[in-house]
Structures are given as C-alpha cells and as structure tokens.
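Colleague: I'd like to learn how to read a sheet in a protein model. Could you walk me through one?

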Amino acid sequence: MFQAWIDYDGNNNFEEDELIFTGVYPAQAALSSPPTLTGTFSIPNNIRPISTRMRITMQRGSAVSSCAIFDFGEVEDYGIEIVP
C-alpha cells in the first residue's frame, strides 16, 4: 500500500489530516513489471505558500502511519513548494 502526506503547516509532523493519497497495487504475476500507480489530490484553498515536505510510504500488505517502523517497504521525503 502506498500513502502520501504533505506537511501543510510546516511543523515537521505529518498529521492524519495531511494524508493526500492512498493506493494499492493490484496483484501481479511473479517477475512481471509493476503497473503504474496514479492518483490526484487538491491543495486546500486555505493553505498559505510554503516550502515544505511530502512523505511517501510503501509497505507490503497494509497501510502504515507516516512515522512508523516496519519490515517490508520504504519511506521517501521530497521537498516541495506550494505557491499561489
């Protein structure tokens, strides 16, 4: 399962209301290339311009919180800029 958060308030924490995406890969045949996982999200109108982070997590089999420790998967952070 993939999940993504944006730290809209810039407090270096990813709260539940900052979750922007959840997606699941469909089952696939062994040794096949994974499909592309796509989705959309909208930036809330009340968010001020900010340089902040987006966190993406991927864990096999279940969802994970933005700051969890888990055995199978990975976490990546990206710098983003929200502009008017």
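Colleague: How many strands does the open sheet have, and in what order do they lie?

Modeller: Strands here are DSSP runs of E with at least two residues, numbered from the N terminus. Two strands pair if DSSP finds at least two bridges between them. In this predicted model, the open sheet has four strands in the order β2-β1-β3-β4, and their pairing is antiparallel.

Colleague: Which strands stand at the edges?

Modeller: β2 (19–23) and β4 (73–82) do; each has a single partner strand, so one side of each is left without a neighbour in the sheet. On average, neighbouring strands are turned by 15° against each other, direction ignored; the axes behind this angle are lines fitted to C-alpha atoms, with angles running from 0 to 180 degrees between N-to-C directions.

Colleague: Over how many bridges do β1 and β3 pair?

Modeller: Five bridges join β1 (residues 2–6) to β3 (residues 50–59) in the antiparallel sense. Ala-4, for instance, has Ile-56 in β3 as its bridge partner.

Colleague: What share of the residues is buried?

Modeller: Buried means under 20% relative accessible area, with a 1.4 Å probe and protein chains only. Of the 84 residues in the chain, 24% are buried.

Methods:
Residues numbered from 1 in each chain as written. Predicted model: local features only at pLDDT ≥ 70, side-chain atom pairs only at ≥ 80, totals over all residues. Heavy atoms only, no water. Buried < 20%, exposed > 50% of the residue type's maximum accessible area, 1.4 Å probe, protein only.
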